[in-house]
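Morning, everyone. Please have the sequence and the model up on your screens. I'll walk through it in short steps.

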Amino acid sequence: PELNMWPADYLGQTHAIESTHGQWVCDDPSDEARCGPPADSAPVTFNLTVVSRSPSGPRVFVIPDLMSEAECDHIRRLGPDVVRDSAVGNSVDNFKSASRTSSTGWLSRTRSPIL
């Protein structure tokens, strides 16, 4: 797969991105007919706006309404099962640091049709 990097030529630059993937309206992956995006829905347009760029900072975009409330609720519900204390170092010699603390979790796209 190819990873696209949207340009960030200036602060406030906006890219209009069209997606054929609609949003879920409720947090019930077992009821895709009621909760999932309508099969005949029109493409959705998302605006990516540059809010930070190099050299003053990392490339950051704001994407309003990227996810529905139901999709956010779904991720918050699944999160506690996968979030763990992060380790420092590589996979062979990693350890839990007393001074560098964070938590990390991964949700595979195949875990739920909502993802």
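Let's start at Gly57. Is Gly57 buried or exposed? Gly57 counts as buried, because its relative accessibility is 19% and buried means under 20% relative accessible area. On that scale, exposed means over 50% and partly exposed is in between, with a 1.4 Å probe and protein chains only. Gly57 is in the loop between β2 and β3. Now look across to Asp27. Gly57 and Asp27 are 30 residues apart in sequence. C-alpha to C-alpha, they are 36 Å apart in space.

A word on where this comes from. This is a predicted model, where local features need pLDDT of at least 70, side-chain atom pairs count only at pLDDT 80 or more, and totals for chains, interfaces and linings use all residues. Residues are numbered from 1 along each chain as its sequence is written, and side-chain values use heavy atoms, with hydrogens and water left out.

Which way is the peptide bond from Ser54 to Pro55 set, cis or trans? That bond is cis, with omega near 10°. Compare the general rule: most peptide bonds are trans, and most residues other than glycine have a negative phi.

The phi of Asp65 is near 55°, a positive value in a residue other than glycine. Find Asp65 in the loop between β3 and α2. Asp65 counts as exposed, because its relative accessibility is 64%.

Ser68 is in the loop between β3 (60-62) and α2 (69-82). Ser68 is buried, since its relative accessible area is 11%. What does Ser68 touch, leaving aside neighbours within four places in sequence? Gln23 and Trp24 are its contacts there, where contact means heavy atoms within 4.5 Å.

Next, the whole chain. How many helices and strands are there? The protein chain has two helices and five strands. These are DSSP runs, numbered from the N terminus: helices are H or I with at least four residues, strands are E with at least two. From the N terminus, the order is β-α-β-β-α-β-β. The radius of gyration is 18 Å, well over the 13 Å that the globule rule gives for 115 residues, so the protein chain is more spread out than a compact globule. That radius is taken over C-alpha atoms, and the rule is 2.2 Å times the number of residues to the power 0.38. Along its principal axes, the C-alpha trace spans about 50 × 40 × 25 Å. Of the 115 residues, 23% count as buried. Take the contacts with a separation of 6 or more: residues 24 or more positions apart account for 55% of them.

Now the sheet. An open sheet of three strands runs β1-β2-β3, with antiparallel pairing. Its edge strands are β1 (14-19) and β3, and each pairs on one side only. Two strands pair if DSSP finds at least two bridges between them. Strands of a sheet pair through backbone hydrogen bonds, parallel or antiparallel. β1 and β2 (residues 44-52) pair in the antiparallel sense over six bridges. Which residue in β2 is the bridge partner of Ala16? Asn47 is. Ile17 stands opposite Phe46 in β2.

In a regular strand the side chains alternate between the two faces of the sheet. His15, Ile17 and Ser19 form its covered face. Thr14, Ala16 and Glu18 form the uncovered one.

Two serines to finish. Ser41 is in the loop between α1 (32-35) and β2. Ser41 is partly exposed, because its relative accessible area is 31%. Ser41 and His21 are 20 residues apart along the chain, and their C-alpha atoms are separated by 8.8 Å.

Ser97 is in the loop between β4 (84-85) and β5 (103-104). Ser97 counts as buried, because its relative accessibility is 10%. A polar atom of the Ser97 side chain lies 3.1 Å from the backbone nitrogen of Ser99.

That's my tour. Thanks.

Key: A polar contact is a pair of N or O atoms within 3.5 Å; within protein, one must be able to donate a hydrogen and the other to accept it, and residues adjacent in sequence count only if both atoms are side-chain atoms.
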